[in-house]
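Me: I would like to learn how to read a structure of this kind, one feature at a time. Could you take me through it, giving the general idea before the particular case?

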Amino acid sequence: MEAFIELDGVEKVFDVRRRAGLLRREKSQVRAVDGLSFTVARGEMVGYIGPNGAGKSTTIKMLTGILTPSGGRLRVAGIDPARERTRLARRIGVVFGQRTTLWWDLPLKDSYRLMHRMYRIPDQRFRENLERCVELLDLGELLEVPVRQLSLGQRMRGDIAAALLHDPEVLYLDEPTIGLDVISKAKVRDFLRDLNADRGTTVLLTTHDLTDIEQLCRRVMVIDHGRLMYDGALAGLHEVGESERTLIVDLERELPPVVIDLARTVRVEGPRQWLAFPASQSAAPLVSALAARYPVMDLSLREPDIEAVIAKMYAGRSGQ
Amino acid sequence: MRLYGVVMVGWFRRYATYRMATAAGVFTNTAFGFIMAYTYTALWDERPQLGGYDVSQAVTYVWLGQALLMACALMGGGFEDELIERIRTGDIATDLYRPADLQLWWLACDLGRAFFHLVGRGVIPMAIGAFAFDLTLPGSALTWIAFLVCVVLGLLVSFAIRFLVALSAFWLMDGSGMAQISWLAGMFFSGMLLPLTVFPGTLGEVARALPWSSVLQIPADVFLGKRTGWALAEAYAFQAGWALALLGAGRLLQTAATRRVVLQGG
Ligand SMILES: Nc1ncnc2c1ncn2[C@@H]1O[C@H](COP(=O)(O)OP(=O)(O)OP(=O)(O)O)[C@@H](O)[C@H]1O
Ligand SMILES: [Mg+2]
């Protein structure tokens with residue numbers, strides 16, 4: 001596999017000055033990214049997650065070349081981003097969910113005309129790409145609307161389209177679904193999935209919404225304190241996080257907590273009880289054992305919450 | 001180059017969407033024009049030929065000042081507010097990963113804005129001024145053309161100064177203080193308060209040699225027909241010299257800024 005994005009021991013240290021007393025200023029350093037190494041192959045779609053302040057945005061900024069690493073080696077498509085920012089710019093697309101690159105006071109289509117010129121996109125290609133984005137992201141009725149009148153979800157879709165008109169080889173998305181409703185999220189996800197499948201665009205996706213990752217990325221990287229904590233399949237996180245599935249049991253009447261080998265009772269509420277058991281284990285033997293010994297009315301199974309797994313992981317590691 | 005054309009047109013159109021703001025601005029410029037024109041009339045009645053102008057020329061100077069005030073963004077309202085804000089919030093990040101040059105980009109923005117303000121905020125107050133007062137208007141089309149060239153050069157100088165001011169935000173984090181100092185200096189040294197020809201001695205000479213005089217004093221003198229032939233060429237050379245020097249300084253500062261750039265926020 002050809003490594004398209006390569007990081008080798010990348011560091012970013014920020015100098016911060018803080019007021020310490022009336023006139024004294026204290027200098028200190030924040031290691032936002034601390035010896036990060038990973039590679040992403042061309043055509044991969046990778047989730048990049050971590051708690052607030054983990055260093056995700058900082059990594060993306062270094063990958064676009066707008067921040068220079070304090071140490072280590074970083075290459076995107078064989079290019080050193082910080083050194084050849086403008087050359088790389090034509091080959092990457094970036095969406096920062098909290099910022100917009102669209103022209104605030106002008107109709108959406110004016111921003112696209114700008115992209116057309118900025119990236120020197122051939123006319124034919126531009127028309128095709130725009131048509132495709134308009135169709136898939138449902139922008140048809142928005143093209144004439146000034147950007148400031150767009151809702152957050154509409155604007156985000158507009159921004160994603162703007163980042164893709166020049167056919168970038170890689171797309172960095174920093175929280176592209178932040179603040180979107182369920183329908184907009186679904187649209188954005190479908191679009192990204194197609195983009196990756198049809199065009200082979202490499203995608204690096206940062207998000208706090210794990211559903212994004214579950215639906216889009218086979219590979220996920222977790223970082224915390226600027227260090228890589230996990231890199232692998234999403235499913236593998238369960239093992240690392242020692243996660244549990246939960247069986248919710250409705251009994252005929254209120255009973256003392258169920259005692260059974262295969263699981264432990266974690267919660268009792270009237271006739272309803274919650275039984276936790278390891279995610280790696282099948283539910284079948286537990287269900288039959290339970291049904292044999294207790295008056296079971298109804299059962300439901302809750303899959304381990306990836307969110308909880310990751311929260312556990314963050315909490316476990318950050319104390320180091 | 002077409003990119004910057006699109007940017008310029010975009011900014012022109014953007015300001016054109018602020019209809020109410022433009023109407024209010026025209027009103028303000030006109031009101032100030034009247035107040036200053038009456039003040040100047042009183043002053044020139046007392047001291048005829050002050051600064052080498054007669055009353056009509058002095059009043060013309062006032063209305064020219066009002067017509068150019070917004071275009072040159074002498075009291076703010078130019079691109080710099082936005083650039084400073086983008087540096088402060090870190091939005092500048094989205095400008096830096098684009099295959100476009102920061103300085104040219106903002107120059108195109110500011111020229112688009114300035115051309116709009118020249119038309120939208122300049123023409124009507126000037127016309128009202130010409131209607132209400134006895135103004136000294138150019139007699140020939142050539143003077144008009146010479147004046148417009150002069151205005152464009154002035155816009156370049158004005159942009160170059162404000163670009164330097166805005167970039168200071170990379171180091172100061174809050175660029176609004178610098179912007180205010182620069183507006184104050186611009187107000188005085190451009191001749192917006194009083195023509196620079198009025199100031200005697202060293203103060204006058206220094207004021208006339210500073211870049212700000214390119215913004216109002218020189219265009220006004222060209223408009224009033226005080227600079228023709230060699231004097232006009234000299235004026236152009238003076239403006240172009242400052243424009244090149246300041247744009248060059250802006251370029252150096254931009255390189256330094258992007259090199260040490262520390263972007264704010266997540
Ligand atoms: N310009 C800066 N100056 C100083 N410190 C910074 C700067 N930018 C980021 N940091 C620090 O670097 C660390 C990583 O920040 P970063 O924005 O990369 O986090 P993140 O993973 O994107 O978090 P979030 O999920 O909140 O967006 C934080 O501790 C932050 O305070
Ligand atoms: Mg972030």
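**Reading the features in turn**

Reply: Let us begin with a span in chain B, keeping in mind that this is a predicted model: residues 235-253 of chain B are 100% helix and 0% strand, and the end C-alpha atoms of that span lie 27 Å apart.

Me: Which feature does UniProt place at residues 235-253 of chain B, and at which other residues of the chain is it placed?

Reply: The UniProt record, an unreviewed entry, gives "transmembrane region" there, and it places the same feature name at residues 21-40, 60-79, 114-133, 145-171 and 183-203 of chain B.

Me: How many salt bridges does the structure hold over all chains, and how many of them lie between chain A and chain B?

Reply: The general idea is that side chains of opposite charge can pair when their charged atoms come close. Over all chains the structure holds 36 salt bridges, and the count between chain A and chain B is 3. Within chain A, the side chains of A:Asp34 and A:Arg227 form a salt bridge with an N to O distance of 3.6 Å; this pair links distant parts of the chain, for A:Asp34 lies in strand E2 (residues 25-41) and A:Arg227 in strand E9 (residues 227-233), 193 residues apart.

Me: What area do chain A and chain B bury between them, and which element supplies the largest share of the side of chain A?

Reply: An interface can be read by its area, its pairs and its contributors. Chain A and chain B bury about 2,600 Å² between them, 60% of it on carbon and sulfur atoms, and the contact takes 30 residues from chain A and 29 residues from chain B. One salt bridge joins A:Asp105 to B:Arg14, with the closest N and O atoms 3.1 Å apart, and 8 residue pairs are in polar contact across the interface. On the side of chain A that touches chain B, helix H1 (56-64), helix H2 (85-89), strand E5 (92-96) and helix H3 (108-118) each supply at least two residues, with the largest share, 6 residues, coming from H3(A).

Terms used
Residues numbered from 1 in each chain as written. Chains lettered and ligands numbered in written order. Predicted model: local features only at pLDDT ≥ 70, side-chain atom pairs only at ≥ 80, totals over all residues. Heavy atoms only, no water. Contact = heavy atoms within 4.5 Å. Buried area = accessible area lost by both parts, 1.4 Å probe. Salt bridge = Lys/Arg side-chain N within 4 Å of Asp/Glu carboxyl O. Polar contact = N/O pair within 3.5 Å; in protein donor to acceptor, adjacent residues only side chain to side chain. Helix = DSSP H or I, 4+ residues; strand = E, 2+ residues; numbered from the N terminus. UniProt positions renumbered as here; feature names shortened; annotations may be inferred.
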